[in-house]
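Trainee: I am new to this structure and would like a close look at one part of it. Please take your time and connect the details for me.

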Amino acid sequence: MGKMLFYSLLSVVSLTFLVPSGFAEWKMEKTKIDFLLHSIAEIDGVFIRNDSEHTAKEAVSHLRMKLERGMNSWFAPDKEEWTAEMFIDKLASKSSLSGKPYTIKFSDGRMVLSKEWLYEKLKSFESKSPDE
C-alpha cells in the first residue's frame, strides 16, 4: 500500500512539473496576442478590411471572433500551440474570405499593412525587459 501511494504521488508531482511548461508558453503567447489586440484598439485611425473602413473597436471584435473560431477549428493546432506570429499571419493580416490584406489608415493619412504594423508591435513587446 505504501509503494502504491508513493508512485501515485510521484505521478502527480511529475505531471505538475510537466504541465506548467506548456501552459507557461501558451500564457506568454496569449499575453502577446492580447497586447496586439490592445494595440489595435488604441489605433488613432481606421482598420481597413475588404475595402471597408472599420473602427478600432470593430477590428478588435472581428479579430477576437476569428481567433476564437480559429482556435476551436478541428483542423487548427491545439490552443497551447498557437503563437502571436500565427495570430498575425493566419488571422490578423488578411481576409480569410477574399485574401485581401488588412491595412491600417492612421488619422494623419499614413497607411500600413496590418501584418507589418503588428510585427513591429510584437518586436517592441518582446524587446522590453521584464523590469519595464
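Trainee: Which residues does Leu36 touch, not counting residues up to four places away in sequence?

Mentor: Before we turn to that residue, please keep in mind that this is a predicted model, and that the protein averages a pLDDT of 84, with 79% of the residues scoring at least 70. Over residues 5-20 the pLDDT is below 50, and beyond near neighbours in sequence this stretch has 1 contact in the model. The protein has 4 helices and 4 strands, which follow the pattern α-β-β-α-α-β-β-α when read along the sequence.

Leu36 lies in helix α1, which covers residues 2-41. Leaving aside residues up to four places away in sequence, Leu36 touches Ala84, Phe87, Ile88, Leu118, Lys121 and Leu122. Leu36 has a relative accessible area of 0%, and because buried means under 20%, Leu36 counts as buried. In the protein as a whole, 31% of the 132 residues count as buried. Leu36 and Trp117 are 81 residues apart in sequence, yet their C-alpha atoms are 9.8 Å apart in space. For the protein overall, among contacts with a separation of 6 or more, 61% are between residues 24 or more positions apart.

Several of the residues that Leu36 touches, including Ala84, Ile88, Leu118 and Leu122, also take part in the meeting of two other helices, where Ala84, Glu85, Ile88, Asp89 and Ala92 in α3 meet Ser114, Lys115, Leu118, Tyr119, Leu122 and Glu126 in α4. The residues of this contact of α3 with α4 divide into 6 nonpolar, 1 polar and 4 charged. The axes of α3 (residues 84-92) and α4 (residues 114-127) come within 10 Å and cross at roughly 170 degrees, and α3 and α4 are therefore roughly antiparallel to each other.

Note on methods. Residues are numbered from 1 along each chain as its sequence is written. This is a predicted model: local features need pLDDT of at least 70, side-chain atom pairs count only at pLDDT 80 or more; totals for chains, interfaces and linings use all residues. Side-chain values use heavy atoms; hydrogens and water are left out. Axes are lines fitted to C-alpha atoms, for helices over the stretch in contact, and angles run from 0 to 180 degrees between N-to-C directions. Angles under 35 degrees count as roughly parallel, over 145 as roughly antiparallel, 65 to 115 as roughly perpendicular and the rest as oblique. Contact means heavy atoms within 4.5 Å. Ala, Val, Leu, Ile, Met, Phe, Trp, Tyr, Cys and Pro count as nonpolar, Asp, Glu, Lys and Arg as charged, and the others, Gly among them, as polar. pLDDT is the predictor's confidence in each residue, from 0 to 100. Buried means under 20% relative accessible area, exposed over 50%, partly exposed in between (1.4 Å probe, protein chains only).
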